[in-house]
Amino acid sequence: VPRLLGNKEGVCRTVSIETGMQNSALGVVLATRNFPDPLTALPCAISATCHSVIGSTFAAFWRMQKSEGEGGLAKKSTEQGDA
């Protein structure tokens, strides 16, 4: 949806990661409120943890990459060295 609205790639990536994390958190809340066994929330809690780890890893990786005209970390460090 963000890409269809004309947002930059960085915004699209952020929305993707945030949506996954929020869905996992919502699953935990719904499971704990609607089922007596607390273990029903476990898959959602594991998913939220995985989203946090994977999202942080991707964010660090993407930060070092150039993306569609946006300067990445490598480009910024070379520009600072040229000054």
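Contact means heavy atoms within 4.5 Å. The model is predicted, so local features need pLDDT of at least 70 and side-chain atom pairs pLDDT 80 or more, while totals for chains, interfaces and linings use all residues. Residues are numbered from 1 along each chain as its sequence is written, and side-chain values use heavy atoms, with hydrogens and water left out.

**Exercise 1.** Describe the secondary structure and the contacts of the protein chain.

*Solution.* Step 1: helices (H or I, at least four residues) and strands (E, at least two) are DSSP runs, numbered from the N terminus. The protein chain has three helices and zero strands, in the order α-α-α from the N terminus on.
Step 1: among contacts between residues at least 6 apart in sequence, 43% join residues at least 24 apart.

**Exercise 2.** Determine how the axes of helices α1 and α2 cross.

*Solution.* Step 1: axes are lines fitted to C-alpha atoms, for helices over the stretch in contact, and angles run from 0 to 180 degrees between N-to-C directions. The axes of α1 (residues 9–34) and α2 (residues 42–64) come within 8 Å and cross at roughly 165 degrees.
Step 1: this crossing makes α1 roughly antiparallel to α2 (angles over 145 degrees count as such).
Step 2: the crossing of α1 and α2 is left-handed, a term for a near helix turned anticlockwise from the far one by less than a right angle.
Step 3: residues making the contact include Gly20, Met21, Ser24 and Gly27 of α1 and Ala45, Ala48, Ser52 and Gly55 of α2.

**Exercise 3.** Which residues of α1 are buried, and against which helix do they pack?

*Solution.* Step 1: buried means under 20% relative accessible area, exposed over 50%, partly exposed in between (1.4 Å probe, protein chains only).
Step 1: Glu9, Cys12, Arg13, Gly20, Ser24, Gly27 and Ala31 of α1 are buried.
Step 2: the buried residues of α1 pack against α2. Of the 83 residues of the protein chain, 14% count as buried.

Conventions:
Angles under 35 degrees count as roughly parallel, over 145 as roughly antiparallel, 65 to 115 as roughly perpendicular and the rest as oblique.
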